[in-house]
Amino acid sequence: MISIFWAGFHFVRQVESLGINYGQIGNNLPQPQIVLQLLRSLKITKARIYDTDPQVLTAFANSGVSLIVTIENDMLATIMDQQQALQWVTHRIKPYVPDTKITGIAVGNEVFTGDDVTLIDKLVPAIISIHKALVDLGLDQFIQVSTPSSLAVLANSFPPSAGCFQPELNEIMTQFLHFLSNTKSPFWINAYPYFAYKDDPSGIPLNYVLFNPNDGMVDPHTKLKYDNMLYAQVDSVVYAMARLGFGGIEVKVSETGWPSQGDPNEVGATATNAAIYNRNLLRRQMKNEGTPLKPKLKLDVYLFALFNEDMKPGPASERNYGLYEPDLTMAYNVGLSSATSTATISLSSSADHLVNS
């Protein structure tokens with residue numbers, strides 16, 4: 001939940017559908033106890049981490065912050081084995097619950113589209129093994145199992161109703177969707193409108209990707225109108241699953257965000273755009289909005305990321321997705337404030353016109 005103050009109206013509402021990604025690929029990040037204080041001051045009660053760091057799991061005990069933890073990609077071959085999976089859950093999860101509120105296990109990250117294609121065939125068996133271990137230990141009612149996927153799992157995402165998976169993934173994706181359907185677990189998608197804009201800045205309207213007022217687009221097949229790209233991306237995943245015969249699986253956004261800096265060729269990676277994207281996303285979250293296809297189902301979103309991480313490889317943007325610097329100063333002013341006992345998000349209309357300044 002995030003307490004929100006809407007400038008000029010002076011009322012507080014709770015946002016329960018927003019979480020944040022807490023990555024730790026940096027050599028100067030604050031200790032988990034300090035991070036927890038920051039999250040508490042911001043009234044954020046959901047976070048995702050990219051491992052099962054004992055320091056984090058211990059620090060977050062009895063905190064009220066729920067965690068999604070991650071099994072690293074290089075562990076998939078090991079935990080395919082049921083005994084190894086049981087041992088992993090017994091040592092990495094069981095000692096910390098229920099004091100630490102672990103609500104999800106991400107088995108790998110972006111495995112379907114990763115560089116190591118040998119992992120793809122290991123993914124579903126690993127997921128099934130981890131879930132069975134949770135069942136054996138009586139934890140499956142509290143902890144969901146899934147895997148976050150890149151939007152690159154889709155061969156087509158526009159218009160949303162044409163969404164379909166890459167043909168070479170259809171067989172393994174069908175197995176995965178069977179598991180999600182049977183266990184009532186969500187499909188986690190890492191969705192970044194920034195990437196689409198960076199690759200085609202002259203063809204994609206900036207206001208459309210930033211949630212700013214714009215003409216939007218109408219899906220010619222469904223006649224549904226989309227005023228932002230993130231919702232279109234989410235619905236394209238729903239249609240892709242439907243094409244394989246699966247309805248009723250909830251799509252949740254495991255990562256989305258916008259970099260505040262980038263290399264010279266990374267068009268749009270600016271602090272102004274990052275502030276607008278995240279601020280407008282928070283405004284949408286405050287309304288508990290769903291997508292045009294699922295308007296009554298509030299969209300769960302995990303913002304990427306809490307901190308700038310100075311040791312992440314790749315282009316400069318990869319090290320500049322954080323809302324905060326490691327010294328706890330804001331990377332840019334998204335409107336979050338931990339300066340007072342009641343954390344606020346100031347959602348003034350300035351977000352709408354910053355893009356033109």
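Strands β3 and β4 (residues 46–48) pair in the parallel sense over two bridges, where strands are DSSP runs of E with at least two residues, helices are runs of H or I with at least four residues, and both are numbered from the N terminus. Pairing itself requires that DSSP finds at least two bridges between the two strands. Within this pair, Ile-20 stands opposite Ala-47 in β4. Between the two strands the chain passes through helix α1 (residues 32–41), and the resulting β-α-β crossover is right-handed; in other words, with the strands pointing away from the viewer, the path from the first strand over the helix to the second runs clockwise.

The model is a predicted one, in which local features need pLDDT of at least 70 and side-chain atom pairs count only at pLDDT 80 or more, while totals for chains, interfaces and linings use all residues. Residues are numbered from 1 along each chain as its sequence is written, and side-chain values use heavy atoms, with hydrogens and water left out.

On its other pairing, β3 (residues 18–21) is joined by three bridges to strand β15 (residues 301–303), and these two run parallel. The bridge partner of Ile-20 in β15 is Leu-303. Leu-18 and Ile-20 point one way from β3, Gly-19 and Asn-21 point the other way, and all of them are buried, a class that means under 20% relative accessible area, with exposed meaning over 50% and partly exposed lying in between (1.4 Å probe, protein chains only).

Helix α1 also contains Gln-33, which at 46% relative accessibility counts as partly exposed. The C-alpha atoms of Gln-33 and Gln-55 are separated by 8.7 Å, although the two residues are 22 apart along the chain.

These strands belong to an open sheet of nine strands with parallel pairing, in the order β7-β6-β5-β4-β3-β15-β14-β11-β8. The edge strands are β7 (144–146) and β8 (148–150), each of which pairs on one side only. From one strand to the next the twist averages 25 degrees, with axes taken as lines fitted to C-alpha atoms, for helices over the stretch in contact, and angles running from 0 to 180 degrees between N-to-C directions.

| Strand pair | Bridges | Residue pair |
|---|---|---|
| β6 (residues 101–107) and β7 | three, parallel | Ala-106 and Ser-146 |
| β8 and β11 | three, parallel | Ser-150 and Asn-190 |
| β11 and β14 | four, parallel | Ile-189 and Val-253 |

Helix α9 (residues 229–243) lies across β11 (187–190) and β14 (251–256), running at about 135 degrees to β14.

Helix α5 packs on the sheet as well, touching β5 (66–71), β6 and β7, and its direction makes about 155 degrees with that of β6; contact here means heavy atoms within 4.5 Å.

Helix α5 (residues 120–136) also meets helix α6 (residues 170–183), their axes coming within 9 Å and crossing at roughly 15 degrees. The two helices are therefore roughly parallel to each other, given that angles under 35 degrees count as roughly parallel, over 145 as roughly antiparallel, 65 to 115 as roughly perpendicular and the rest as oblique. In this contact α5 passes α6 in a left-handed crossing, meaning that the near helix is turned anticlockwise from the far one by less than a right angle, whereas clockwise would be right-handed. Residues making the contact include Ile-120, Val-124 and His-131 of α5, and Ile-172, Phe-176 and Phe-179 of α6.

A further helix, α4 (residues 82–92), has an axis that comes within 8 Å of that of α5 and crosses it at roughly 60 degrees. That angle makes α4 oblique to α5, and α4 passes α5 in a right-handed crossing. Among the residues in contact are Gln-82, Leu-86 and Trp-88 of α4, together with Ile-130, Ala-133 and Asp-136 of α5.

Taken over the whole protein chain, the secondary structure comes to eleven helices and 17 strands. Of the 357 residues, 52% count as buried. Among contacts between residues at least 6 apart in sequence, 70% join residues at least 24 apart.
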